[in-house]
Amino acid sequence: MSAGDALTIQHLNLSYGAERVVEDVNVKLKPGSLVGIVGPNGAGKSTLIKAIAGAKEPDSGTITICGEEGRRGRRHLTYVPQRGEVDWDFPITAEEVVRQGRFAHVGLLRRFRGDDKAAVTDALQAVAMTALKHRQIGELSGGQQQRVFLARALAQGGEVFLMDEPFAGVDAATEKAIVEVLRALRDAGKTVVVVHHDLVTVSDYFDELVLLNRTIIAQGPTAEVFTPDNMRETYGGNLAIFDRRDAVAVVE
């Protein structure tokens, strides 16, 4: 691994019981990149993200984040799970959710300082949720909930951001707002890794792609990787791919 790598995965294998769901995955990502992980349902995308975040123990292989492995490496990491994994009935406000992003900086006993409060305020403003910061999270729409969890990630900071289908179930305005935030993170030198399922927007959203179906099918710049041949191998069968000119390429 070169010193400049933000995320390096080597020979990673993941299983649930006797079933191997991710096999011999190798990935290397540089700082300042916006990367989409794309593949069919059951391809292992969310499992891979959970392993990077430390929520899934690998069978074998290594995950290195900013030059460090294990818990030390995950100090550089911020993880935004799928909305379906969150208890939205928990009695907590949007602002309190975002404040959770500062806990790693504050610790359990120390009070919030000015910079912590400023980070929360800035994060809420970045996702246009300041006006709803006192609203209980269960009262928010799906798009608003996703904005809140993105704000928590911004408040936490880090060098590598993992997001598991952040556009699922959100309105068009929220999707646009999320994309703008992700691009700003990339432009600030962060590495942003997003599990994504909408092939229509792949070319517009991502600088690089990782095509995954249990193992890596292809990875690299989107313009080079997002091809009919690679998509046929990733998804199999017939697949309609819309490019930015709304033309359709049918993989047969």
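Here is a chat about ring pairs, charged pairs and a helix in this model.

Me: Before we start, what kind of model is this?
Reply: This is a predicted model, so keep that in mind as we go.

Me: Okay, rings to begin with. How many aromatic pairs does the structure hold?
Reply: There are two aromatic pairs. One of them is made by Phe167 and Tyr205, with ring centres 5.3 Å apart and 50° between the planes, which is a tilted arrangement.

Me: Where do Phe167 and Tyr205 sit in the chain?
Reply: Phe167 is in the loop between strand 7 (160-164) and helix 7 (172-187), while Tyr205 belongs to helix 8 (residues 202-205). They are 38 residues apart, and the pair links distant parts of the chain.

Me: Is Phe167 buried or exposed?
Reply: Phe167 is buried, at 8% relative accessible area. Tyr205 is buried too, at 14%. The cut-off for buried is under 20%, so both values qualify.

Me: And the other ring pair, how are Tyr205 and Phe206 arranged?
Reply: Their ring centres are 6.2 Å apart and the planes meet at 75°, so this pair is edge-to-face. Phe206 is buried, as is Tyr205. Put together, ring pairs join Phe167, Tyr205 and Phe206 into a cluster.

Me: Nice. What lies over the face of Tyr16?
Reply: That would be Lys56, at 4.0 Å from the ring centre.

Me: Switching to charges now. How many salt bridges are there?
Reply: The structure holds 11 salt bridges. Take Lys28 and Asp5 as an example: their side chains meet at 3.9 Å, N to O. Lys28 is in strand 2 (residues 19-29) and Asp5 is in the segment before strand 1 (7-16), so this bridge ties together parts 23 residues apart in sequence.

Me: How accessible is Lys28, and what about Asp5?
Reply: Lys28 is partly exposed, with 46% relative accessibility. Asp5 is buried, at 3%.

Me: Which residue does Asp59 form a salt bridge with?
Reply: Its partner is Arg20, and the closest N and O atoms are 3.4 Å apart. Asp59 is in the loop between helix 1 (45-53) and strand 4 (60-65), whereas Arg20 is in strand 2, so the bridge ties together parts 39 residues apart in sequence. Asp59 counts as partly exposed at 41%, and Arg20 is partly exposed at 29%.

Me: Why would residues three places apart in a helix point the same way?
Reply: An α-helix has 3.6 residues a turn, so residues three or four places apart point the same way.

Me: Is Asp229 buried or exposed?
Reply: Asp229 counts as exposed, at 51% relative accessibility. Arg232 is partly exposed, at 35%.

Me: Which residues do salt bridges with shared partners join into one network?
Reply: The network is made of Asp5, Lys28 and Lys30.

Me: Last topic: why is helix 1 described as largely enclosed?
Reply: Seven of its nine residues are buried, so helix 1 is largely enclosed by the rest of the structure. Among the buried residues are Lys45, Leu48, Ile49 and Ile52.

Me: And what follows helix 1?
Reply: Gly54 follows it, and the phi of Gly54 is positive, near 90°.

Methods
Residues are numbered from 1 along each chain as its sequence is written. This is a predicted model: local features need pLDDT of at least 70, side-chain atom pairs count only at pLDDT 80 or more; totals for chains, interfaces and linings use all residues. Side-chain values use heavy atoms; hydrogens and water are left out. Rings of Phe, Tyr and Trp (its six-membered ring) pair if their centres lie within 6.5 Å; planes under 30 degrees apart count as stacked, over 60 as edge-to-face and the rest as tilted. Helices (H or I, at least four residues) and strands (E, at least two) are DSSP runs, numbered from the N terminus. Buried means under 20% relative accessible area, exposed over 50%, partly exposed in between (1.4 Å probe, protein chains only). A charge sits over a ring if NZ of Lys or CZ of Arg is within 6 Å of the ring centre and within 35 degrees of the ring normal. A salt bridge is a side-chain nitrogen of Lys or Arg within 4 Å of a carboxyl oxygen of Asp or Glu.
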